[in-house]
Amino acid sequence: MTNEALQQLIATWIPELEFTEAESQFLNIEVPAQHLHALMSQLKSNPETQFDYLFCLSGVDWGEKLGVVYHLESTTHRHIVVVKVATENREEPVFDSVYDIWATAEFHEREVFDFFGIRFNNHPNLKRLFLTEDWIGYPLRKDYEDETNMILL
Amino acid sequence: METEVVHTNFKSEEYFINMGPQHPATHGVLRLLLTIDGEIIKKVEPDLGYIHRSIEKMCERDSYQQIVHLTDRMDYLSANINNEAVCLAVENALQLEIPDRVQVIRTIIGELTRIASHCLWWGVMGMDVGALTTYFYGFRDREMINDIMEETCGARLTMNYNVPGGLMHDIHPNFVKRVKDFVAHFKTKLPEYDRLLTENIIFKKRMIGVGILSKEDAISFGASGPVGRASGYSCDVRIHHPYSAIDKVTFNEALRTEGDTYARYLVRIQEMWESLSIIEQLIDVIPEGEHRVVTNAVIKLPKGEYYQKVETARGELGVYIISTGTKNPYRLKFRSPGFSNLSLLNHIAVGGKIGDLVATMATLDLVIPDIDR
């Protein structure tokens with residue numbers, strides 16, 4: 001499907017979505033956190049979209065907001081869409097896990113938790129992946145400081 | 001401390017052992033926590049981070065030219081292809097017109113890299129399952145590619161030959177001849193590989209039916225490269241999102257449907273033949289021209305987001321750049337093939353024996369720095 005057709009279809013599911021194609025080669029969808037899981041399962045299961053391949057899941061610190069970016073592709077239709085979710089709560093950021101939709105999300109969400117401190121509801125094994133359990137802080141956040149090992153920006 | 005946890009969470013007949021971080025079959029520092037009942041595996045939990053360098057954080061500090069150098073240190077056996085991924089992302093963002101000569105050379109070098117990587121994989125995979133001779137055969141042929149790389153790129157492992165805008169310098173005058181010599185040589189050696197290992201009955205009994213991954217699971221776990229294709233999942237980035245000079249050649253995607261370790265083995269063997277064919281189609285038609293287009297000394301990407309996929313020897317490498325218009329990326333994420341391929345290890349190893357796990361891991365072809373970026 002073309003980006004226009006995708007946007008028309010997906011917009012009918014959840015009215016609060018925001019679409020943009022500016023500054024990106026893909027169609028971007030911004031979704032409020034409470035609709036994330038419903039949107040994702042619909043994107044995967046709807047026969048017209050069939051986004052069955054989650055090829056990239058990235059945590060991002062946008063300064064005021066923390067969030068997650070999901071890159072999705074359909075192996076049947078070969079179209080691509082990017083879903084973004086964000087929260088202003090930097091103390092306890094939490095989103096729904098999508099590991100029940102794409103199994104690869106289990107590891108990727110652990111990586112995001114490890115480096116950004118974003119928690120995922122219903123995740124089966126949410127703990128540090130690369131860093132040790134007693135590590136303090138989340139290194140890929142922009143406000144992270146480590147006096148001894150800091151990479152100077 | 002760990003054993004106390006084990007006593008409360010495990011059934012009385014189950015126990016756990018460490019495999020790694022210095023186990024010979026993990027080829028690097030990967031630690032697997034195996035929960036086993038007798039010799040049957042109940043659970044595999046990877047413990048990562050022994051060589052994590054936080055390349056993504058370093059990228060937020062570095063210029064785009066510097067970032068290319070860091071990518072060598074991820075999947076070091078696909079160094080050239082990793083370099084290419086970042087260069088392509090930057091070039092597309094700047095909308096640079098890349099000369100045909102550069103594109104063809106990049107594709108040839110990329111396929112040579114793939115053959116070298118598969119040679120090493122073939123050698124060590126034979127060694128993992130007890131056939132020491134393969135190691136010497138594989139390294140002998142890989143050595144020829146390393147010599148070609150040394151002459152043209154100036155390095156044998158971490159090449160840094162690609163730069164945003166083209167290649168660091170033009171190919172060596174001997175390059176074409178030596179590549180042709182290698183192709184002719186390797187065509188006589190690949191059948192030897194088959195005689196030695198592929199058709200070996202002991203080897204086949206070790207491999208067939210072990211570590212089966214279905215097509216649905218392969219997609220769901222984000223498998224890519226030979227691991228995905230052995231499960232019948234068409235996932236070659238060179239076919240679905242062609243880059244550089246790949247659209248100038250014809251080649252077959254190596255696909256199998258069995259999804260077991262032997263299928264993954266056969267896919268890589270076929271990929272070496274396909275890579276030879278791609279090199280043959282291009283080596284005589286390298287266009288004349290510049291090896292590089294001039295870029296600004298300080299590269300600033302326009303504000304926005306950029307994504308570039310390439311097919312490394314291990315699968316799909318993604319580079320996701322968020323730029324705010326400055327000389328550094330605001331955020332740069334590497335989607336590495338090894339990380340996703342490792343995530344399915346628990347799924348396909350459970351129910352098998354420890355010896356099968358070694359065979360399974362050998363055909364996942366994990367490179368640990370690619371996982372611990």
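Domain bounds here come from an automatic or database domain assignment. The structure is a predicted model, in which local features need pLDDT of at least 70, side-chain atom pairs count only at pLDDT 80 or more, and totals for chains, interfaces and linings use all residues. Residues are numbered from 1 along each chain as its sequence is written, while chains are lettered from A and ligands numbered from 1 in the order in which they are written.

Chain B is assigned domain 1 (2–47) and domain 2 (100–292 + 340–371). Their C-alpha centres lie 30 Å apart. Contact (C-beta atoms, placed from the backbone, within 7 Å) links 13 residues of domain 1 of chain B to 19 residues of domain 2 of chain B. The domain 1 side comprises 7 nonpolar, 2 polar and 4 charged residues. Here Ala, Val, Leu, Ile, Met, Phe, Trp, Tyr, Cys and Pro count as nonpolar, Asp, Glu, Lys and Arg as charged, and the others, Gly among them, as polar.

In chain B, three strands form an open antiparallel sheet, ordered β1-β2-β3. Strands (E, at least two residues) and helices (H or I, at least four) are DSSP runs, numbered from the N terminus. Pairing requires at least two DSSP bridges between two strands. β1 (15–19) and β3 (40–47) of chain B are edge strands with a single partner each, so one side of each has no neighbour in the sheet. Strand β2 (residues 31–37) of chain B runs antiparallel to β3(B), joined by 7 bridges. B:Leu33 has B:Glu45 in β3(B) as its bridge partner.

Between chains, the contact takes 29 residues from chain B and 26 residues from chain A. β7(B) gives the most to the chain B side, with 4 residues. That side divides into 8 nonpolar, 10 polar and 11 charged residues.

Key:
Contact = placed C-beta atoms within 7 Å.
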